[in-house]
Amino acid sequence: MSTNKDYKWIGTRPIRPDGADKVTGRAAFGADKNLPGMLHAKILRSPFAHAKILSIDTSAAESASGVLAVMTSADMPDLASEMGEAGESAVDFRDLSHNILASGKVLYHGHAVAAVAATSAKLALAALKLIKVEYEELPVVLEIEDAMADDAPILHEDQFTPGGSKDKPSNVAAKMKLPRGDIDKGFAEADIIIEREFTTPTVHQGYIEPHAVTASMSASGHADIWCCTQGTFVVRAMTAKVLGMDVGKIKVTPSEIGGGFGAKTTVYLEPIAVKLSEKTGRPVKMVMDREEVLRATGPTSASVIKIKLGATNDGKLIAAQGSLKYGAGAFKGSPMAPGCMCVFASYEIPNFLIRGFDVVLNKPKVAAYRAPGAPMAAFAMESLMNEMATKLNLDPIEFRLKNAVKEGSVAAYGPKFPVIGFVETLEAAKAHPHYSAPLGKNQGRGVGTGFWFNIGMQSSATINVNESGSVTVITGSADIGGSRASMALFVAEELDISYDLITPLVSNTEEAGYCDVTGGSRTTFATGMAVVKASKNLVANMRKRAAKTWGIDIDDVTWEDGAAIAPAAADKQPLTMAQIATSAAKTGGPLTASASLTAQGAGAGFGVHICDVEVDPETGKTDVIRYTAIQDAGKAIHPSYVEGQYQGGAVQGIGWALNEEYVYNDKGVLQNFGFLDYRMPVANDLPMIDTVIVEVPNPSHPYGVRGVGETPIVPPLAAVAEAVNNAAGVRICHLPISPPRLLAEIDAK
Amino acid sequence: MLQVDLSFDLQQFCGGLESLKVQATNIRELLEQLDIRFPGLGAKIEKEMAVTINGVIYQDTLIEPIEDGSEIYFIPKIGGG
Amino acid sequence: MSKTHVTTTINGDAVEYLCEVDQSLLDVLRDTLELTGTKEGCATGDCGACSVSLDGRLVCSCLVLGVEAEGKQIETIEGVANGTELHPIQQKFLENAALQCGICTPGFIVATKALLEKNPDPTEEEARYYLAGNLCRCTGYDKIIRAVLDAAAEMRGAA
């Protein structure tokens, strides 16, 4: 199913350039940075989920042994509420500041209140106990619909629902409405209507590396930050804003990053470490522990999604209505809008009405998590698609094919789709041997599909040629899943030289050109575009050097097999890249090329997953016994890492479906704050995850790339739930499908 | 002329208008024209939204050329994980 | 509190260090000895990122005290390769693309080495159960398990 074009390097599977360091322990991650004279800082966190801070007395802590500085929100400038660009998406800088250190109120259990820098982590922790904070407890609201109620405890007295009351503050921070056609007429014409409500719990991205930073402020007012992040330039922008600094005074150097999945696109520690370093004149290191990660970073929204779906007897969708409520955590900004835009995006539906609600409540502020908002929406919609297919007596993939969007279809979120590969992906799933394999007792199969937009944004790349003809390619895009290998493959293909001659680097904010975050499945697409463009500039330059050397016109020089050739001049021997590089001094100086761009035309990605489970009717335990992820990549640059994205996303989705959930007590205290109880999938929970890479090239990218990282987490929730339904005969609309919940449903049957 | 269709949420800024025709050759001109008709609309779109031209999403750009007859739609900016 | 003197062997080197009695072996390795290849993911023994071998036994170094290393043989990720020559497990992890972010990789490689020393020919299921104490959030384990089985086959062939 590959494209016909023959490439030498694109689509091959070489060993990743950073691999050797990562299998030997040599690679430096966030917590691996140490500096002479370094202090360690720790954070005091709120014991209440909602309370007024009446006073903070830090005097005893300040005079404690080994303590050099204590910090609270009073050490940061008071920011006005202002939406600003900070890399990936808009952020309210005041909320960002108040999430880093609470101001006036604490809004969730674990909310940071103060920080202490001391000569050791142990002394810093001891000093935290000496900080006296007086709180006035407030009522806690944890559930989305409770927070939307008229008499709900209000988190922010100055937050009003747009278009709602201007006098009465509300926890509903934003609303969205997407209508099309006439739903009353549509449902009236429907032969079958199904309506159900679905809920998903708060879940965490679950990266294995906790957040970590080391910061050092110089006497000249320049701050150095080393941290694990998906976007160094976002760390720079956010830290500058929160501390009132100029971005030019901050240098952010990325460490290797031990997983992010969206959650390392914001800052929690960096401004605190910089401020404490400024206060003490010493480098300051901060490393979260797992409990802090789970209590106060990440998670993604819980959701309450109600969908009504109408179809005609010939298997066409005719009407749909959706109400999508997402919990944002303590500050506005759940992925409600992309959820609303995704929920019906895969199908042609003439009449629909989508309403979305962004609701604040006393849980940590959500952060992006892989296709933000889409998995919950797809859980609801795809579950109903499966149920509708059953009612229509249609094969579930056939039913989807009858309604699938294709080029020219008007997406539910407004525009017409350009070239997309949903139909091809569905056909590949239908043809896969897994789809028709026999099943045993207590086993069932389910399918689910997923859609994500993918994004472009800003990227830069620089290529420096060494005098031997080998090259270094520098970008500022964090490598979270093997993107350095992809960058090297682009350069190898464009320059027509060996992959082994290329060293790809992820550099700091002062040495690399601006790059937005690695997120939204944009790096191979957009930073790849910048790398391709820089490579083309370099080839043009090398052709010019050859033309000068030969004394002929540049138009008579072509580039083939890593060398300049003059096809019309038989006496000119090819000039290899190494030869051009060696004599570069004599033809105009060192060879270097750059490119920067705002990438446009990101191609939507569609995926179809097939899941087989076996349910133990005695215990309610579900085992995934076979799983296949099929997705349109546009073009797979390094297929192993594309497969890896499909597999990893699928397994995060399986965890979301079967086990993962934040469990709170009624005071808003998270009960499962470690990996033992926040149960992510482990190796013996799973089978191999088969993959099929469909390639319907994205015409907007020089190699046809679509993003691949987000889509794989979208289909599994419904695929797993449907497989459970077919195995156990119970339709679960509330995740996770944990053994006690499933057992209760089976017993109630 | 360009065919500009407005999402429901944008229609609230334009007195319920669902679509309009605009003469523009790039995104900057398009937003300027919208700002003339509905003061503040162009600025709001530039800050908060992405522009789709015949279905292809353009985010954070003013210079993208637009061919005559194109279909324009605005969607919230997309982020991602 | 005065520190305790510990004499031990790490990756074949005789090592002495001073540590506090409540300091974990993981913290000693990372902070005192600057062997940062061993990672901390949870400090509660749930993720396996800090896996090391202690007298031939696979342990989470976050659950071992630094003082307990007295007189023991410790092997960490830094001791797996022979100089710049990768161990077959490391090589197979690279060839099978068994890592994405790489934070769990040192723990997986140390654990895989322990597995293959006990059981040179594990089934897929045996490999999955043995490595169930090592969390990976990026790969879904597929390519890790393939790398482990591939390395086992290679090591049996080479023996």
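This dialogue walks through the predicted three-chain model shown above, feature by feature.

User: What does pLDDT average in chain B, and which elements of chain B have the lowest and highest means?

Analyst: pLDDT is the predictor's confidence in each residue, from 0 to 100. Chain B averages 89, with 100% of the residues scoring at least 70. Helices (H or I, at least four residues) and strands (E, at least two) are DSSP runs numbered from the N terminus, and among the elements of chain B the lowest mean, 85, belongs to helix 1 (residues 8-11), whereas the highest, 94, belongs to helix 2 (residues 27-37).

User: How many helices and strands are there in chain A, and what is its radius of gyration?

Analyst: Chain A has 20 helices and 28 strands. The radius of gyration is taken over C-alpha atoms, and the globule rule is 2.2 Å times the number of residues to the power 0.38. For 749 residues a compact globule would come near 27 Å, and chain A, at 27 Å, agrees with that; along its principal axes the C-alpha trace spans about 85 × 75 × 50 Å.

User: At what angle do helix 3 and helix 7 of chain A cross?

Analyst: Axes are lines fitted to C-alpha atoms, for helices over the stretch in contact, and angles run from 0 to 180 degrees between N-to-C directions. Angles under 35 degrees count as roughly parallel, over 145 as roughly antiparallel, 65 to 115 as roughly perpendicular and the rest as oblique. The axes of helix 3 (residues 93-100) and helix 7 (residues 232-243) of chain A come within 10 Å and cross at roughly 85°, so the two helices are roughly perpendicular to each other. Residues are in contact if their C-beta atoms, placed from the backbone, lie within 7 Å; here A:Phe93, A:Leu96, A:Ser97 and A:Ile100 of helix 3 meet A:Met238, A:Lys241 and A:Val242 of helix 7.

User: What is the strand order in the open sheet of four strands in chain A, and which strands stand at its edges?

Analyst: Two strands pair if DSSP finds at least two bridges between them. The order is 21-20-19-25, with mixed pairing. Strand 21 (502-506) and strand 25 (592-599) of chain A stand at the edges, each with a single partner strand, so one side of each is left without a neighbour in the sheet. From one strand to the next the twist averages 15°. Strand 19 (residues 457-465) and strand 20 (residues 471-475) of chain A run antiparallel and are joined by five bridges, with A:Asn464 opposite A:Thr472. Helix 15 (residues 483-495) of chain A packs on the sheet, touching strands 19, 20 and 21, and helix 16 (residues 523-550) of chain A also packs on the sheet, touching strands 19, 20 and 25.

User: Which pair of chains shares the most contacts, and what makes up the sides that touch?

Analyst: Of the two pairs of chains in contact, A and C share the most contacts, whereas chains B and C do not touch, their nearest C-alpha atoms being 13 Å apart. Ala, Val, Leu, Ile, Met, Phe, Trp, Tyr, Cys and Pro count as nonpolar, Asp, Glu, Lys and Arg as charged, and the others, Gly among them, as polar. Between chains C and A, 43 residues of chain C are in contact with 43 residues of chain A; helix 2 of chain C gives the most to the chain C side, with four residues, and that side has 23 nonpolar, 11 polar and nine charged residues. Between chains A and B, 37 residues of chain A are in contact with 24 residues of chain B; strand 9 of chain A gives the most to the chain A side, with four residues, and that side divides into 20 nonpolar, 11 polar and six charged.

User: Where do A:Pro736 and A:Asn442 lie in chain A?

Analyst: Most residues other than glycine have a negative phi, and most peptide bonds are trans. A cis peptide bond joins A:Leu735 and A:Pro736, with omega about -5°, and A:Pro736 lies in the loop between helix 19 (716-728) and helix 20 (739-748) of chain A. A:Asn442 has a positive phi, near 60°, and is in the loop between helix 14 (433-436) and strand 18 (443-452) of chain A.

Note on methods
Residues numbered from 1 in each chain as written. Chains lettered and ligands numbered in written order. Predicted model: local features only at pLDDT ≥ 70, side-chain atom pairs only at ≥ 80, totals over all residues.
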